[in-house]
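Q: I'm new to this structure and would like a close look at one part of it. Could you walk me through the open sheet and what lies around it?

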Amino acid sequence: MAMQHTLLLVDDEESIISALRRIFLREGYQVLSATSGAEGLSVLEQNEVSLIISDYRMPNMTGPEFLARSIEIAPHCKRIMLTGFSDVEAVTESINRGGISRYITKPWNDEDIKQSVRDGLKQFELEFENRQLTAELIQKNQELEHFNARLEEAVQQRTRELQLKVKELAGKDRIAQHMLSVHSLEETLKLVLQVVSEIIEMEAAVVYLMAEGQPKAAAAVDYAGRILQPNDVLKIQPTPLHIEAFARVSETRQPVNVEHTDGSGIAPFAVAPIVRGDSVLGLIEVASPRTREAISTDELGVVASFALQAAMAISDAQIHSNMNSWKGEIAAVLKDWDL
């Protein structure tokens with residue numbers, strides 16, 4: 001679709017404006033006019049203009065001055081200077097200051113001035129199309145950058161998910177291998193903590209086992225991956241925030257992620273239930289106290305998955321421990337009976 005162009009004629013002589021108006025109206029252009037530079041600037045501020053034809057000599061504001069100031073308002077429009085002088089310096093000043101594309105001497109030839117305007121408008125259209133294409137290219141590049149960023153994020157997310165899945169399978173395999181032979185409860189808890197800290201790379205983890213209906217710390221690992229001694233484990237005292245989370249997990253048998261602990265001095269933590277059948281055997285608490293980063297939903301899912309498998313290993317270890325205790329008690333009774 002052809003562009004509709006508006007011309008601005010600026011000359012202090014009404015007869016010049018009338019003559020030019022007749023020429024360009026026949027060419028199908030919209031024509032605006034002004035009889036001074038100040039009026040011309042006002043017209044430019046209120047209209048979209050493709051090309052300006054300005055007289056060189058005008059009172060108060062010369063043609064070069066007007067055209068120079070017009071650049072600030074309409075930087076892309078084309079400019080033609082009308083001059084009745086052959087002063088080369090005057091024309092040079094107009095080119096340098098007013099940014100004119102060409103000048104036409106008075107009296108002009110109608111065909112020459114029409115062709116000059118056609119050439120100027122053609123250049124205007126080419127530059128307009130170039131700006132449009134440049135803007136579209138910038139937009140497409142931005143869209144491509146956004147797409148690449150989203151794609152990269154999706155790839156990274158998928159990679160993290162796959163890495164967690166590999167870690168989950170590796171942890172489950174270690175627990176499964178552990179269950180192929182009989183182990184003590186202490187050994188089993190140690191393995192569970194090692195799986196959580198080494199494979200999921202949690203900075204700290206605590207296993208709580210139920211005792212008289214309440215979770216009691218049974219084993220723990222610190223941020224260096226060291227299993228705490230029993231005396232140190234006994235010193236672990238859950239905070240009110242932990243106790244609340246433990247109660248929720250015990251009631252719902254669903255993992256809980258406590259991400260917002262601002263002002264409490266407690267690092268974000270998560271708790272997963274250790275469930276076997278209808279019984280809650282205990283809880284696993286994980287946290288990153290050094291970085292104070294919240295546990296992600298994916299990480300909590302892996303911990304919960306480990307907890308389900310750990311429940312079988314812990315249950316077997318407890319049964320084995322009870323059997324050894326019963327054997328000892330039976331042996332003591334038989335000894336007392338001299339059997």
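A: Here is a walk through the sheet, then its surroundings, and then a few spots in other loops.

Keep in mind that this is a predicted model. Of its 339 residues, 38% are buried. The chain exposes about 19800 Å², and carbon and sulfur atoms supply 51% of that area. As for how the chain meets itself, take the contacts between residues at least 6 apart in sequence: 62% of them join residues at least 24 apart.

Now for the sheet. Five strands make it up, in the order β2-β1-β3-β4-β5, with parallel pairing, and the sheet is open. The edges belong to β2 (30–34) and β5 (102–105); each has a single partner strand, so one side of each has no neighbour in the sheet. On average, neighbouring strands here are turned by 20° against each other, if you ignore direction. In general, strands of a sheet pair through backbone hydrogen bonds, and they can do that either parallel or antiparallel.

Let's zoom in on one pair. Strand β1 (residues 6–10) and strand β3 (residues 51–55) run parallel, and four bridges join them. If you'd like a spot to look for, find L9: its bridge partner in β3 is I53.

Next, look at what lies across the sheet. Helix α5 lies across β1, β3, β4 (78–83) and β5, and it runs at about 160° to β4.

How does the chain get from β5 to α5? Through a loop, and P107 lies in it. The peptide bond between K106 and P107 is cis, with omega at about -10°.

With 18% relative accessibility, W108 counts as buried, because the cut-off for that is under 20%. What does W108 touch? Leaving aside neighbours within four places in sequence, W108 is in contact with I16, A19, L20, I23, L82 and I113. Take L82 from that list: W108 and L82 are 26 residues apart in sequence, and their C-alpha atoms are 8.8 Å apart in space.

Follow the chain on into helix α5, which covers residues 110–178, and you'll come to L144. Together with F147, L151 and V155, L144 makes a nonpolar surface patch of about 370 Å². L144 itself counts as partly exposed, at 46% relative accessibility.

Back to the sheet for one more loop. Between β3 and α3 (63–73) there's a loop that holds N60. Phi of N60 is near 70°, a positive value in a residue other than glycine. That stands out because most residues other than glycine have a negative phi. Is N60 buried or exposed? Its relative accessibility is 87%, so N60 counts as exposed.

R253 counts as partly exposed, at 34% relative accessibility.

Definitions and conventions: Residues numbered from 1 in each chain as written. Predicted model: local features only at pLDDT ≥ 70, side-chain atom pairs only at ≥ 80, totals over all residues. Heavy atoms only, no water. Patch = residues over 30% accessible without salt bridge, like charges linked within 9 Å, V, L, I, M, F, W, Y side chains within 5 Å. Areas by Shrake-Rupley, 256 points an atom, 1.4 Å probe, with all protein chains shown as cover. Salt bridge = Lys/Arg side-chain N within 4 Å of Asp/Glu carboxyl O. Helix = DSSP H or I, 4+ residues; strand = E, 2+ residues; numbered from the N terminus. Buried < 20%, exposed > 50% of the residue type's maximum accessible area, 1.4 Å probe, protein only. Pairing = 2+ DSSP bridges. Axes fitted to C-alpha atoms, helices over the stretch in contact; angles between N-to-C directions. Contact = heavy atoms within 4.5 Å.
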